[in-house]
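Morning, everyone. Please look at the sequence and the structure as they come up, and then I'll take you through a few features.

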Amino acid sequence: MDSLASVDVPETRKLVDCFGRSLVADDDENQHHNGANPRRAIFAPIPKVSDIALINSPLVTGVTMFDALAPIGKGQNMLLIGHDIQDMRQYVCDLVSMQRHSTKCVYASTTENKETVEMLTKAGLMDDIVLVSARNMEGMDKASMAAEATVTAATACSIAESCALDKGMDTLVIIDTIDHHKTLWDATTRVLVDVFGVD
């Protein structure tokens with residue numbers, strides 16, 4: 001599986017697709033294939049609890065409401081749910097702005113890629129983040145779109161894990177939505193039921 005689905009991203013890459021391939025025309029493609037960069041499986045095994053550092057320092061978000069009422073610790077997962085996409089995007093910009101000098105930030109844009117690029121550019125954050133972007137999903141069925149979005153999220157996590165494990169960096173991964181994960185779960189479950197039956 002590692003050889004079929006693995007990713008590497010040189011330090012110079014800032015905008016990549018769901019397989020880690022550059023989306024910027026003037027990137028040096030030879031740099032991607034010369035073997036100098038560590039590779040990591042997109043769907044790597046989840047680290048054991050014993051391999052994960054204790055959560056003992058805060059990740060300051062820059063949003064007083066979060067930092068005071070629901071602080072995030074480094075090494076922690078946090079699900080942020082909201083209804084106003086503009087507010088949510090502003091929180092992301094605040095968070096990346098606070099972390100960009102000390103942390104490798106990776107953003108998985110599973111939908112609305114153009115709007116995401118515009119938001120990060122307007123906030124002056126494009127140079128401080130690796131943006132993993134789903135490819136154009138026009139004409140795809142829902143299950144294929146969900147698979148593409150899920151791989152995009154997994155690739156962002158793999159890039160961050162590689163930076164953390166291979167380079168000892170603090171990393172921050174932002175996945176814009178996990179709605180597609182449920183769609184993929186439903187689609188794959190239907191296939192399994194069709195093949196093997198409900199039992």
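**Surface patch, pocket and ring pair**

Let's start with V191, which sits in helix α6, residues 179-196. Keep in mind that this is a predicted model. V191 belongs to a nonpolar patch on the surface.

Next, the second largest pocket. How much space lies in it? About 220 Å³. Two elements each give two or more residues to its lining: α3, 85-99, and α4, 113-122.

Last, the aromatic rings. A ring pair is described by the distance of the centres and the angle of the planes. How many aromatic pairs do we count here? One. The partners are F66 and Y91. Their centres are 4.9 Å apart, and the planes make an angle of 70°. Over 60 degrees counts as edge-to-face, so this pair is edge-to-face. Now place the two residues. F66 is in helix α2, residues 64-69, and Y91 is in helix α3, so the pair ties together parts 25 residues apart in sequence.

That's the tour. Over to you.

Note on methods. Residues numbered from 1 in each chain as written. Predicted model: local features only at pLDDT ≥ 70, side-chain atom pairs only at ≥ 80, totals over all residues. Heavy atoms only, no water. Patch = residues over 30% accessible without salt bridge, like charges linked within 9 Å, V, L, I, M, F, W, Y side chains within 5 Å. Areas by Shrake-Rupley, 256 points an atom, 1.4 Å probe, with all protein chains shown as cover. Salt bridge = Lys/Arg side-chain N within 4 Å of Asp/Glu carboxyl O. Helix = DSSP H or I, 4+ residues; strand = E, 2+ residues; numbered from the N terminus. 1 Å grid on protein atoms, 1.4 Å probe; cavity = no way out; pocket = protein on both sides within 12 Å on 5 of 7 lines; lining within 4 Å. Points joined across faces, edges and corners; volume = space filled by probe spheres on them. Phe/Tyr/Trp six-rings, centres within 6.5 Å; stacked < 30°, edge-to-face > 60°.
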